[in-house]
Amino acid sequence: MIKLTNVYKVFFPNTSNEVLALNNINLDLNPGDFITIIGSNGAGKSTFLKVLAGIELPDAGKVELAGKDVTAYPEYLRAKDIGRIDQDPLASTASEMTIEENLAMAYKRGQVRGLRWAITSNKEKLFKEVLAEVGLGLENRLRVPVRTLSGGQRQALALVIATLAEPKLLLLDEHTAALDPKTAKQIMDLTGKIVSSKKLTTLMIPHNMEQAIKFGNRLMMMHRGQLILDLGHEEKSMLTVPQLVERFSTASGTAFDDDRVLLAT
Amino acid sequence: MENIITSGLQQGFIYGFMALGVLLTFRILGFPDLTVEGSFPLGAAITAKAIVVGADPLLAVLLGALAGGVAGAATGLMHTRMKVNNILAGILTTSAIYTVMLRTMGRPNIPLLTNENFFDRILRLFNITEGTLSLIQYKTVTITLLFVMVLTARLLLGWFLKTDLGLAVRATGDNEKMIRSLGVNTDNTKLLTLIISNFMVALSGALASQSQGFADVGMGIGVLVASIASVIVGEMLFGSRGLSMLLTGAILGSVIYRALLALGLRLNLPAEDFKAVTAILVLLALFLPNIKTRTQKPLSLPQVTENKEKEVGQE
């Protein structure tokens, strides 16, 4: 469904700062896969997701989405099929616009936008239903500007925005990193619920090792721009955090050096 | 007193179109579009020339407004397709417009007092000739006409900004990355907004030429700051919460600003100082932290969207 073949991405080429962010990535995603990707700082995880989203275009290789070669498509042309959430709660919602306006924009994901009223009573009803499932009471605050929401509420809304039009691929880049532990857990549980109920193919950079093990059916490790380990559901579900760190060290030949990911709860 | 009110209403409604246009780019799109200093006199110049060569004043005003739309498109294309900085793109267009105006008019200004103007033409639609009305009646009729026009523009703009496309325009100013991730080509929303905005600004210029009876290449100097002042006055008095308040506030702010200018003239204040005073007042409004507009986006500054995309090590 989603296929990457020999994908490379270089930053600052031909300078002393040259970084090979993606080094020959090959990947074939099955529909419904929920993959977590771990790796040290600078391993290329975010770049990987950005290349999938079209925010960065690869320097070599091929990206296919649902059988279509989208390698050269900019972000807005891929948006119909890809939902994405950033770690910054301010990034995935429009602050000065209301909750229902944000959702109305998500409703039209990837479609031609014309001169019809963006908000109709039918849509309002739908938005209320979707928000009620989130369980944060947002369904009663449809006409409130998003800037008045807390970080957790904004990420919950971002999750609804990203999944409302049922994209073929959901990309989550440490989307709970900026939240307090309790809210992070809430948002993670909500993520699991939405992904499984809509059977979304998902790639997630988890905020910590526990998330990496607890969520998803496949776990991958990145190191220096390469995918160095790909664990299936069986193998993954038996792992503990220390074992996972151990597997990483063996596979990469280095110690796992991201304290934040190790220690974060 | 009566003069101040009628002048405030008439000029305020005429410049209200421009205030709406400026609100659209500066405030809603977050794009400091300097093209307006050119599209305002361009609207007047094209209209005047068209009338002089014998065009129907209704058509002439429409042509003037359309010329503004073209100017907005020029700035928009420079910025989005050729990646010229937004302020510089506006300056380039404005500079080129100066030549276009001189070439079109053939001289720096065209007097129109002997020609039938837009307002007389509309009256003729209702079988009224100017001579049958007293001065007060004539003023009342033109003010009413302008009120209906600016109200229509206000309602159309309010409707547009609540459509699917309008939401995309507003989101382009609010969170460009977000709306792009939802499949909108933000280059196109910017281009569209610049066209609409400059259409309205040029319409304002066209109507100004009809009301004052001439078009002049220099009539655009300072109109941008005056519009920003109108928008700020509107926000201070009517609040900046909500789109409806912003739109209505811009028009009412324009009326109040023009009334204040008329009052200044009545009090024999030196007219040559008005532009500097306006500029200082705008500066104070932007600077003084307790003024309401300050709690939101600074009006006259481009929005800074952090571009971290190119940084490595963000993983």
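Which residues in α6(B) and α11(B) meet each other?

A: The model is a predicted one, and the description below should be read with that in mind. On the side of α6(B), the residues are B:Val150, B:Arg154, B:Leu157 and B:Gly158. They meet B:Ser244, B:Leu247, B:Thr248 and B:Ile251 in α11(B). Sorted by class, the residues of this contact are four nonpolar, three polar and one charged.

Helix α6 covers residues 135-160 of chain B, and helix α11 covers residues 243-266 of chain B. Their axes lie 10 Å apart, and the helices pack at an angle of about 160°. Since angles over 145 degrees count as roughly antiparallel, α6(B) is therefore roughly antiparallel to α11(B). The crossing of α6(B) and α11(B) is right-handed.

Helix α7 (residues 164-174) of chain B and helix α9 (residues 186-212) of chain B have axes that come within 9 Å and cross at roughly 100°. α7(B) and α9(B) are therefore roughly perpendicular to each other. From α7(B), the residues in the contact are B:Leu165, B:Ala168, B:Val169 and B:Thr172. Facing them in α9(B) are B:Thr186, B:Thr189, B:Lys190, B:Leu192 and B:Thr193. This contact of α7(B) with α9(B) has four nonpolar, four polar and one charged residues.

Chain A has a helix pair to look at as well. The axes of helix α3 (residues 99-107) of chain A and helix α5 (residues 151-163) of chain A cross at roughly 25° and come within 8 Å. α3(A) and α5(A) are therefore roughly parallel to each other. Their crossing is right-handed. α3(A) contributes A:Ile99, A:Asn102, A:Leu103 and A:Ala106 to the contact, while α5(A) contributes A:Leu157, A:Val160 and A:Ile161. By class, the contact of α3(A) with α5(A) has six nonpolar residues, one polar residue and no charged residues.

Chain A also contains sheets. In one of them, six strands of chain A form an open sheet with mixed pairing, in the order β6-β7-β8-β3-β9-β10. At its edges stand β6 (82-85) and β10 (226-231) of chain A, each with a single partner strand, so one side of each has no neighbour in the sheet. From one strand to the next, the twist averages 20°. Within this sheet, β7 (residues 169-173) and β8 (residues 201-205) of chain A run parallel and are joined by five bridges. A:Leu170 stands opposite A:Thr202 in β8(A).

Helices pack on this sheet. Helix α1 (residues 45-53) of chain A touches β3 (34-39), β6, β7, β8 and β9 (218-223) of chain A, and the direction of α1 makes about 150° with that of β7(A).

Another open sheet in chain A has four strands in the order β2-β1-β4-β5, with antiparallel pairing. Here β2 (19-29) and β5 (68-69) of chain A stand at the edges, each with a single partner strand, so one side of each is left without a neighbour in the sheet. Strand β1 (residues 2-11) of chain A runs antiparallel to β2(A), and seven bridges join them. The bridge partner of A:Lys3 is A:Asp28 in β2(A).

Finally, the two chains meet each other. Chain A gives 42 residues to the contact and chain B gives 29 residues. Between them the chains bury about 3,100 Å², with 57% of it on carbon and sulfur atoms. Of the area that chain A buries against chain B, A:Tyr76, A:Arg113 and A:Leu115 supply 20%, more than any other three residues.

Terms used. Residues are numbered from 1 along each chain as its sequence is written. Chains are lettered from A and ligands numbered from 1 in the order in which they are written. This is a predicted model: local features need pLDDT of at least 70, side-chain atom pairs count only at pLDDT 80 or more; totals for chains, interfaces and linings use all residues. Side-chain values use heavy atoms; hydrogens and water are left out. Axes are lines fitted to C-alpha atoms, for helices over the stretch in contact, and angles run from 0 to 180 degrees between N-to-C directions. Helices (H or I, at least four residues) and strands (E, at least two) are DSSP runs, numbered from the N terminus. Angles under 35 degrees count as roughly parallel, over 145 as roughly antiparallel, 65 to 115 as roughly perpendicular and the rest as oblique. A crossing is left-handed if the near helix is turned anticlockwise from the far one by less than a right angle, and right-handed if clockwise. Contact means heavy atoms within 4.5 Å. Ala, Val, Leu, Ile, Met, Phe, Trp, Tyr, Cys and Pro count as nonpolar, Asp, Glu, Lys and Arg as charged, and the others, Gly among them, as polar. Two strands pair if DSSP finds at least two bridges between them. Buried area is the accessible area (1.4 Å probe) that two parts lose on being put together, summed over both.
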